[in-house]
Amino acid sequence: MKSTYIYLQLYRLFDRSTPLLADCGGLCGSACCEGDESGMYLFPGEESVYKLLNPDWGKIEYSDFEYEYNGKTKKVPILFCNGCCDRYQRPLACRIFPLTPYVKDGQFEIIIDPRAKSVCPLASELTINQFDEKFVNNIKKSFILLMKNAEIKEYMNKYSEYIDEYRRFFKE
């Protein structure tokens, strides 16, 4: 229950904090919400939010992406939506899109998610400094807090390796 409460509080940071001071979905027709494969990874413990909310607009499946924690291999849940959700029930990854947390050599930063480049005009046209400063700071605050949890820290190391594969593809 603790993680449910933490995620619900973090979600509130993004109720009015968005990548731009305008509705970026209007620029691309909400491309990030389109298609049958629209899904977002859930961060460790976040699945509990959706067990509580039980949204009728999405379903959770387990991806092939895995990480190790306490000697156990854990499959990462992914929330697939039907393209139309309750904005206030979106997962954290959706709320911070097209940015993502990233860890390299123990250093934490917020980067433009390379997976977003094929979907989001902001990801392919802007630099991190062109995003709303409050939005970027809210992401930083969220993940500084979350990464105090040992499991999330382990997850973030593996997730960042996963992101590196996409960065190589986009030659970043």
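**Figure 1. Arg168 and Glu165 in helix α7.** Arg168 and Glu165 lie three residues apart in helix α7, so about one helical turn separates them. In this predicted model, the two residues form a salt bridge, and their closest N and O atoms are 2.4 Å apart. Arg168 is exposed, with a relative accessible area of 52%, because the cut-off for exposed is over 50%. Glu165 has a relative accessible area of 47% and is partly exposed.

**Figure 2. Glu161 and Lys158 in helix α7.** Helix α7 covers residues 150–169, and within this helix Glu161 and Lys158 are three residues apart, which means a separation of about one helical turn. Their side chains meet in a salt bridge, at 3.8 Å from N to O. How exposed is Glu161? Glu161 counts as partly exposed, at 45% relative accessibility. Lys158 also falls in the partly exposed class, with a relative accessibility of 36%.

**Figure 3. The salt bridge between Lys75 and Glu66.** Lys75 is paired with Glu66 in a salt bridge, and the closest N and O atoms of the pair are 3.3 Å apart. The relative accessible area of Lys75 is 41%, so Lys75 is partly exposed. Glu66 is partly exposed as well, at 32% relative accessibility. In total, the structure holds eight salt bridges.

**Figure 4. A nonpolar patch on the surface.** Which residues form this patch? Tyr5, Ile6 and Leu145 make up the nonpolar patch, and together they have about 290 Å² of accessible area. Tyr5 belongs to helix α1, which spans residues 2–13. With a relative accessibility of 55%, Tyr5 counts as exposed, because exposed means over 50%. For the protein chain, the accessible surface comes to about 9900 Å². Carbon and sulfur atoms account for 50% of that surface.

**Figure 5. Met156 and the largest nonpolar core.** The largest nonpolar core contains 46 residues. Which residues have the most contacts inside this core? They are Leu92, Tyr155 and Met156. With neighbours within four places in sequence left aside, Met156 is in contact with Phe43, Pro101, Tyr102, Val103, Phe143 and Met147. In soluble globular proteins, nonpolar side chains tend to be buried together. In the protein chain shown here, 42% of the 172 residues count as buried.

**Figure 6. The protein chain as a whole.** The secondary structure of the protein chain consists of seven helices and five strands. Read from the N terminus, the order of these elements is α-α-β-α-β-β-α-β-β-α-α-α. The chain has a radius of gyration of 15 Å, close to the 16 Å given by the globule rule for 172 residues, so the chain is as compact as a globular protein of that length. The C-alpha trace spans about 45 × 40 × 30 Å along its principal axes. Among the contacts with a separation of 6 or more, 68% are between residues 24 or more positions apart.

Technical notes
Residues numbered from 1 in each chain as written. Predicted model: local features only at pLDDT ≥ 70, side-chain atom pairs only at ≥ 80, totals over all residues. Heavy atoms only, no water. Patch = residues over 30% accessible without salt bridge, like charges linked within 9 Å, V, L, I, M, F, W, Y side chains within 5 Å. Areas by Shrake-Rupley, 256 points an atom, 1.4 Å probe, with all protein chains shown as cover. Salt bridge = Lys/Arg side-chain N within 4 Å of Asp/Glu carboxyl O. Helix = DSSP H or I, 4+ residues; strand = E, 2+ residues; numbered from the N terminus. Buried < 20%, exposed > 50% of the residue type's maximum accessible area, 1.4 Å probe, protein only. Core = buried A, V, L, I, M, F, W, Y, C linked by side-chain atoms within 4.5 Å. Contact = heavy atoms within 4.5 Å. Rg over C-alpha atoms; globule rule 2.2 N^0.38 Å.
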